[in-house]
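Let's take a friendly walk through a protein model together. Have a look at the picture first, and then read on.

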Amino acid sequence: MGLLPRSSYWTKDNRQTAALIRARQPYLVKNIFTGIALTTFVISIYAYTIKAVSQDDFSDVQIPDAPEQPPHTPHTGTARAPAQLSVRGTK
């Protein structure tokens with residue numbers, strides 16, 4: 001397999017050429033404003049969420065006591081111990 005042909009916009013050491021810089025120049029200001037707008041939007045949503053959550057008051061919610069389990073209750077997890085696994089056809 002051969003390598004992909006190199007773009008004329010990049011040098012061999014992966015630096016932008018003057019042609020690429022000229023081609024991107026008309027979009028530079030628009031891209032900066034778009035980046036600033038998106039960053040401001042994300043930060044404002046984050047700040048609003050933190051502010052809304054911090055205003056919650058759970059002092060009127062009663063927390064129930066943990067249910068007591070009898071001491072003879074077996075392990076109720078879904079995983080089985082290796083000794084308890086059985087293969088069909090064997091005893």
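## A first tour of the model

Both D13 and R15 are exposed. Keep in mind that this is a predicted model. D13 and R15 are also partners: they form a salt bridge, with their closest N and O atoms 3.4 Å apart. How many salt bridges does a search of the whole structure find? The search finds 1.

Now step back to see the protein as a whole. Its secondary structure consists of 2 helices and 0 strands. Of the 91 residues in the protein, 2% are buried. The accessible surface amounts to about 9,700 Å², and carbon and sulfur atoms account for 62% of that surface.

### Before the helix α1

Helix α1 covers residues 18-24, and N14 sits in the segment before it. N14 has a relative accessible area of 53%, and because the exposed class begins over 50%, N14 counts as exposed.

T17 is found in the segment before α1 as well. Is T17 buried or exposed? Its relative accessibility is 18%, and buried means under 20%, so T17 counts as buried. Which residues does T17 touch, leaving aside those up to four places away in sequence? They are S8, Y9, W10 and T11.

### Along helix α2

Helix α2 runs over residues 28-54, and L28 belongs to it. L28 is also one of the residues in a nonpolar patch on the surface.

T40 has its place in helix α2. With a relative accessibility of 49%, T40 counts as partly exposed, because that class lies between the 20% and 50% cut-offs.

| Residue | Relative accessible area | Class |
|---|---|---|
| N14 | 53% | exposed |
| T40 | 49% | partly exposed |
| T17 | 18% | buried |

Methods. Residues are numbered from 1 along each chain as its sequence is written. This is a predicted model: local features need pLDDT of at least 70, side-chain atom pairs count only at pLDDT 80 or more; totals for chains, interfaces and linings use all residues. Side-chain values use heavy atoms; hydrogens and water are left out. Helices (H or I, at least four residues) and strands (E, at least two) are DSSP runs, numbered from the N terminus. Buried means under 20% relative accessible area, exposed over 50%, partly exposed in between (1.4 Å probe, protein chains only). Accessible areas come from the Shrake-Rupley method with a 1.4 Å probe; for residues, only the protein chains shown count as cover. A salt bridge is a side-chain nitrogen of Lys or Arg within 4 Å of a carboxyl oxygen of Asp or Glu. Patches are made of residues with over 30% relative accessible area and no salt bridge: like charges are joined within 9 Å, nonpolar side chains (Val, Leu, Ile, Met, Phe, Trp, Tyr) within 5 Å. Contact means heavy atoms within 4.5 Å.
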